[in-house]
Amino acid sequence: MNRRHTNTHARRRAWCALLVLLIAIATVLDVHIPQAAADERDATANDASGVALAVESLTAVITATSGFSATLTVENRTTQPMDAGAIDILTNPDYNFISRTDVQEWADGTAQIDTTHELAHVGVAAIPAGGRVRVHATLAADNAALAALTTWGPRPLRILYSAQSGDAQPTSATLNTYVTRSQDGAAGVRTPSIGMSVVMPLTSYDWNADAKTRQQLITSAARDVQASAVATLGDAERKALHDKDQLSTKYPKLQVVTDPAVLATLGTPHLTALMQPARFDITAYARVGDPQAYARAGVDDDDWSAASAVARLRDALGDTSADAPTIAWQGSDSWTMDALDAARGAGYDTVIATGDFNIADDATAQTLVYRTPTEHGDVTVLGTQPLLTSLANAHASSQHARAERTDAGRIARFIAQSAFYQMEQPYAQRTLLVCFGEDATAQEVRMLMDALGDASWIDLTSLADLAAQDSLVSSDLMPQLIDENVGLSGGRVDAVRETLVQLGASRNDLTRLASSILGDGDGGAKKSKAEPKSNDTATPNDAVTPNDAATSTDTATSTDTAKSNDDAATATAHATVDASPAPQETSDTSRLTEAAYARRLLDAHALLALFALQGDATSCTAMRTAARELADAAFDAITLNPSGNVSVLSETASMPITVSNSLPFPIDVRISSRTDAIEIVTARMTPITVPAHGEAQASISIRVTTSGTAVAREQLADRDGDLFGAVQQTSITSSLQISDKSGLVIIIFAVALGLLGLWRQFHRKKDPDE
C-alpha cells in the first residue's frame with residue numbers, strides 16, 4: 001500500500017514538473033517570437049507603408065554660426081500617386097541621453113521621447129507612383145528655433161513625413177536621428193575634450209595582372225621590362241587612391257597609413273606611417289603556422305617586413321635616406337599571440353587591431369592601448385573604438401536604425417555618440433581610435449572629417465600620441481587575456497592553405513623552366529640555388545618580392561631505361577636547327593642575362609603571390625589565378641608541331657617533329673614519343689636544342705615488325721624527363737612487304753625448320769615396343 005501511494009505521488013510530481021516546463025516554454029515562445037516579429041516590422045516600417053524616407057545631408061553639429069540644413073528624399077514605392085504632404089523636423093532641446101541604451105533605443109525607434117520643438121516645416125509636392133522627390137530645409141544661424149538649443153550635447157531629432165489622400169488613411173513615415181549642439185557659444189562649464197585619432201588606410205584590393213606585361217616578361221629579355229609592372233591598378237582605382245591621398249593636405253590631423261605597394265601609383269605620397277607591403281595578412285600567416293609553405297609559394301618573411309616597407313618608400317621617393325614609422329595592419333584573422341610575435345619578429349613594434357580584440361570592459365569608452373610581451377620583444381596594440389569605427393565604415397549600429405542607412409545619418413549618429421562618450425566621463429583623459437576601411441571613399445572620409453572639424457569636444461590627435469598612452473591592462477596579464485578572448489575562430493585557414501599549395505605549384509613550374517629547360521643542357525641553365533638576386537633585375541619591386549635565388553640546379557641528362565617493348569625503339573635521333581631564326585636583341589647593355597631573366601619571372605610571380613595573400617577572398621582568387629597563368633604562359637611559349645601522319649614502307653623510318661621557342665634564350669628539352677602498339681614503336685626520348693625566338697626539327701626513329709597502324713603520342717619533356725605542354729598525336733601506318741629482308745629471313749628460317757623436322761622424322765630410331 002505504501003509503495004503504491006508513493007508511486008502515485010511520484011507520478012503526480014513528475015506530471016506537475018512537466019506541466020511547469022511546458023508552460024515555461026510556451027511563455028518564452030509567446031514573449032520572444034512576437035517581439036522578434038514586431039522588431040522586424042519596425043525595421044521595415046517605411047517599406048511596408050510604401051514610403052521610403054532617407055537623409056541625404058544633415059547639419060550634424062550646431063554651432064553659434066552654423067545654422068541648420070537638411071536634404072531629405074521621399075520615395076513613393078506604391079502603385080498609386082501620393083498627394084502633397086509635409087515634413088516636420090522636431091527635437092527636444094532639454095533632453096539629455098542618460099545611457100548608451102537610451103541612445104540606441106532612439107536610433108531603433110523604440111524610445112518614447114517627446115519631440116515637440118519644431119525646427120522646420122517643409123511642404124512636399126505630390127509624388128507619382130514609383131516617384132521620388134527631394135526636400136530641402138534651411139535655418140539661418142539666428143533663427144529662433146535654433147536659439148532654443150542653449151546647452152551643448154546630443155539631442156533627439158525626429159523627421160516626420162505625412163500626406164493626406166482624400167478620405168483614405170493618411171500616409172506617414174518617421175526617421176529618428178540626432179543633432180548635436182557644440183560647446184561653442186553654449187551655456188555651461190566647458191569640460192576637457194576627448195581625444196580621437198582618425199586613421200585612413202591607403203591600400204587597395206583591386207590589383208589586376210597585366211596580360212601585355214606578362215607576355216613581355218616571357219618573350220623579351222629587355223632590361224626595361226620590370227617585374228613590378230605585372231600587377232596594375234585600373235584608372236578608376238588610381239584616381240580613388242589619388243583623391244584619398246590628397247585629403248591629407250586639407251585635413252592635416254587625418255592619419256594616413258599607406259601600403260608600400262601603392263607608393264609608385266601615388267607619386268609623392270602623404271603618409272603618417274607605412275603598413276606591411278601589399279597589406280600582407282600577418283594574422284593568417286600566424287594561424288597557418290607554416291613559413292615553409294609561404295616560402296614555397298615565393299613569399300619569404302623579408303618580403304613583408306618593416307625594413308621592406310621602408311625600402312619601398314625610398315625607391316618610390318628616390319631618396320635613400322627617407323624614413324617613416326611602420327605599423328602592421330590587421331588582416332582577415334585576429335591578433336593572437338602568435339600573430340603579434342610574427343609581426344614583432346618582422347620589425348613591427350606597433351599594430352592596429354581593427355576588430356576582435358575585446359579584452360577590456362566596454363562599459364565606457366576607453367583608450368584601447370595595450371602592450372604585450374612576445375618572444376621578439378614588446379608590441380603595442382592599438383584597438384579601435386568598435387561603434388564609432390563601424391559607423392565610419394558605412395555600417396549602421398543596428399538593422400532597425402533606419403536613419404543610419406545613409407552616410408548623413410551615420411555621421412549624425414557618430415557625432416552624437418562621440419559627444420555622449422565625452423559627457424559620460426567628462427573629466428577622464430581618453431583617446432579613441434577610429435579607423436576607416438580599405439574601401440572607404442574620399443567622399444565618405446571628407447564628410448566625417450568636415451563634421452569633426454565642428455566638434456569642439458573632440459581633440460584630433462596623432463597615432464604617435466595614441467601609441468604613447470599607458471597600457472590599459474598590465475603587460476603581464478596580456479598573454480593570458482589574449483589567449484582567452486582573441487582569435488577563438490579559425491578564420492580562413494583552409495582557404496589560405498589551398499592558395500599556398502596552388503602558388504607553390506605555379507612557382508615550381510617557373511623554377512623548373514629555369515633549371516631544366518633554359519640553356520643548352522651543358523651549363524647554360526646550371527645556376528646555383530644560393531645565387532643572390534641578380535642586379536640585372538633590380539626594380540622598385542625588389543623590396544617586396546622574394547629574395548630567392550635564381551632557382552636552377554645542375555641537371556645531368558638522364559639515361560632512359562627502356563622496358564622490353566621499348567628496347568627495339570632505342571635509336572639515335574638528330575636535331576637540325578632552323579637556319580633563319582627570328583631577330584634577337586643584340587645590345588648586351590639592354591639585355592638581361594639568362595639568370596637575371598629567370599630571376600625576373602620568379603620576382604613577377606612573387607609579387608602576384610604577395611597580393612594573393614592580402615586577406616581578401618576576391619583578390620586572392622584573382623592573383624593566384626594570375627600567378628598560374630604566368631607559369632602556363634611561360635610553358636606555352638614552347639610548342640610542339642608534328643609533321644602529320646606517317647607511312648612506313650620498311651623496317652625503319654624517321655618522323656620529323658618541329659619545336660618552336662618564343663623565349664629569349666635557347667632551350668634544351670626532349671621529345672617524348674610512345675605508341676599504342678608493340679609492332680610499331682618510336683624512340684622513347686629524343687633530345688633537341690632550340691634557339692631563342694626560333695625553331696628546330698628533330699627526327700624520331702620508327703621501327704616496325706609487321707604491317708599495321710599505330711598512334712604515336714608526342715609531348716615535350718624537360719631535361720629531367722618531366723612532361724609539359726599539350727600532347728600531340730601522329731598516326732603511323734606500316735605497309736611492310738614480304739620482299740623485305742625481314743620477310744625473306746622469316747621464310748628461310750621457316751623452310752629450314754620444316755626440312756629439319758622431316759629429316760628427324762625419317763632418321764629417328766623407333767623403340768622396340770613401338
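Is Tyr-95 buried, exposed or partly exposed, and what is its relative accessible area?

1. Let's start with that residue, keeping in mind that this is a predicted model. Tyr-95 is partly exposed, and its relative accessible area is 22%.

2. Now for the aromatic rings. Searching the whole structure turns up 12 aromatic pairs. One of them joins Tyr-95 to Phe-97: the ring centres are 5.4 Å apart and the planes meet at 85 degrees, so this pair is edge-to-face. Angles over 60 degrees count as edge-to-face.

3. A second pair to look at is Phe-280 with Tyr-294. Here the centres lie 5.7 Å apart and the planes are at 75 degrees, so this pair is edge-to-face. Phe-280 belongs to the loop between strand E13 (273-274) and helix H8 (282-288), and Tyr-294 to helix H9 (residues 291-297), so the pair ties together parts that are 14 residues apart in sequence.

4. How buried are these two? Phe-280 is buried, with a relative accessible area of 0%. Tyr-294 is buried as well, at 2%.

5. Phe-280 and Tyr-294 belong to one aromatic cluster, together with Tyr-285 and Trp-304.

6. Finally, here is a contact between a charge and a ring. The charged end of Arg-591 sits over the ring of Phe-665, at 5.2 Å from the ring centre.

Key
Residues numbered from 1 in each chain as written. Predicted model: local features only at pLDDT ≥ 70, side-chain atom pairs only at ≥ 80, totals over all residues. Heavy atoms only, no water. Phe/Tyr/Trp six-rings, centres within 6.5 Å; stacked < 30°, edge-to-face > 60°. Buried < 20%, exposed > 50% of the residue type's maximum accessible area, 1.4 Å probe, protein only. Helix = DSSP H or I, 4+ residues; strand = E, 2+ residues; numbered from the N terminus. Lys NZ or Arg CZ within 6 Å of the ring centre and 35° of its normal.
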